[in-house]
Amino acid sequence: MAIPITVLDCDLLLYGRGHRTLDRFKLDDVTDEYLMSMYGFPRQFIYYLVELLGSSLSRPTQRSRAISPETQILAALGFYTSGSFQTRMGDAIGISQASMSRCVTNVTEALVERASQFIRFPADEASVQALKDEFYGLAGMPGVIGVVDCIHVAIKAPNAEDLSYVNRKGLHSLNCLMVCDIRGTLMTVETNWPGSLQDCVVLQQSSLSSQFEAGMHKESWLLGDSSFFLRSWLMTPLHIPETPAEYRYNMAHSATHSVIEKTFRTLCSRFRCLDGSKGALQYSPEKCSHIILACCVLHNISLEHGMDVWSSPVTGPMEQPPEEEYEHMESLDLEADRIRQELMLTHFS
């Protein structure tokens, strides 16, 4: 005997067929202040995302009440910028928390699919030279095309390989490698590394390292702090500066490296799902990795649309595990040491 099965629509169950949703009125019905306070972005930016992601968010569905791309994007932005599936957020757009979660998944994957479109190193020589000129104008450090660092984002304890995600503070996290330019635009983002890995190991195993070791951007380098090993393409500070030139080099290095520190603070301030203030991301490591990458894509898109990276109120991100010093290992790379010595002699003596 066949048993009838009833499929429940969460939104229908909670709100009924007559519930008014954002599928049924325009964004023009609400103020810019409301959009900024609820979703963190202005009207024209949201319209741009609808145009950019609409084709991916309008895939065929068997649900009788498919959620519009516009509503899906608002739901995802609400989560990214608040860090929680608040009831008032779902009420504002007329969907349940279960539907909010589906919207976040859909929008996240659509943004990840487009990551290479918005996160990339410049390819032409003129753009690379422009990077060098801008960094040199900041603190007098020549040849720099980007600043690299890692940031930990808290996640829930995964079911498998639990210990691999435990960082040095005993918290579960992903250790995310990023490179930015002087404006805070992200040029490399790798968000999949377990929190137990030290920064130097993440960089050593990264695609970024492989590209530079293969000769990408010769006669240029990145700046990294003392948690990384000195390389011919990665300049780090001296552990114990002794000469005036070494002090001037370290001061210029610190001033230049501060760009990515401010970028991290702004990223976590704009996207509160990353800063740990509402708790860890409650997903698998893979999905958490995608959420972080999606926020990075939105960060770069917002810069393209003139939203200043430093304009948002800045709060601190999740407390980061303490750094370790690796200066005693640098002598193993004699060529890198020679390049740094020549750099100090030529530009800081």
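Helix α4 is followed by G83, a residue with a positive phi near 85°; helices here are DSSP runs of H or I of at least four residues, and strands are runs of E of at least two, both numbered from the N terminus. The structure is a predicted model, in which local features need pLDDT of at least 70, side-chain atom pairs count only at pLDDT 80 or more, and totals for chains, interfaces and linings use all residues. Residues are numbered from 1 along each chain as its sequence is written, and side-chain values use heavy atoms, with hydrogens and water left out.

Helix α4 comprises the 14 residues 69–82. At 1.5 Å a residue it should span 20 Å, and the 20 Å between its end C-alpha atoms agrees with this value; the expected span is 1.5 Å times one less than the number of residues. Because 14 of the 14 residues of α4 are buried, the helix is largely enclosed by the rest of the structure. Buried denotes a relative accessible area under 20%, exposed one over 50%, and partly exposed a value in between (1.4 Å probe, protein chains only).

The axes of α4 and helix α6 (residues 97–113) come within 8 Å and cross at roughly 90°, which makes α4 roughly perpendicular to α6. Axes are lines fitted to C-alpha atoms, for helices over the stretch in contact, and angles run from 0 to 180 degrees between N-to-C directions. Angles under 35 degrees count as roughly parallel, over 145 as roughly antiparallel, 65 to 115 as roughly perpendicular and the rest as oblique. On the α4 side, the contact is made by Q72, I73, A75, A76, F79 and Y80, and on the α6 side by M100, C103, V104, N106, V107, T108 and L111; contact means heavy atoms within 4.5 Å.

The 20 residues of α12 should span 28 Å at 1.5 Å a residue, in agreement with the 29 Å between its end C-alpha atoms. Helix α12 is mostly covered, with 16 of its 20 residues buried, and is followed by G306, whose phi is positive, near 80°.

Most residues other than glycine have a negative phi. In H217, however, phi is positive and near 55°, and E219, likewise not a glycine, has a positive phi of about 60°. H217 is found in the loop between α10 (207–213) and β4 (221–223), and E219 lies in the loop between α10 and β4. H217 is buried, with a relative accessible area of 17%, whereas E219 counts as exposed at 73% relative accessibility.

Seven salt bridges were counted, a salt bridge being a side-chain nitrogen of Lys or Arg within 4 Å of a carboxyl oxygen of Asp or Glu. In one of these, the side chains of R43 and D32 meet with an N to O distance of 3.0 Å. This pair links distant parts of the chain, 11 residues apart, with R43 in helix α3 (residues 43–57) and D32 in helix α2 (residues 32–39). R43 is buried at a relative accessible area of 12%, while D32 is partly exposed at 38%.

Helix α13 (residues 334–347) holds both E335 and R338, three residues apart, about one turn of the helix. Their side chains meet in a salt bridge of 2.7 Å, N to O. R338 also forms a salt bridge with E342, the closest N and O atoms being 2.8 Å apart. E342 and R338 both lie in α13, four residues apart, again about one turn.

Overall, the protein has 13 helices and five strands. Of its 349 residues, 52% count as buried. Among contacts between residues at least 6 apart in sequence, 72% join residues at least 24 apart. The protein exposes about 16,500 Å², of which carbon and sulfur atoms supply 54%; accessible areas come from the Shrake-Rupley method with a 1.4 Å probe, and for residues only the protein chains shown count as cover.
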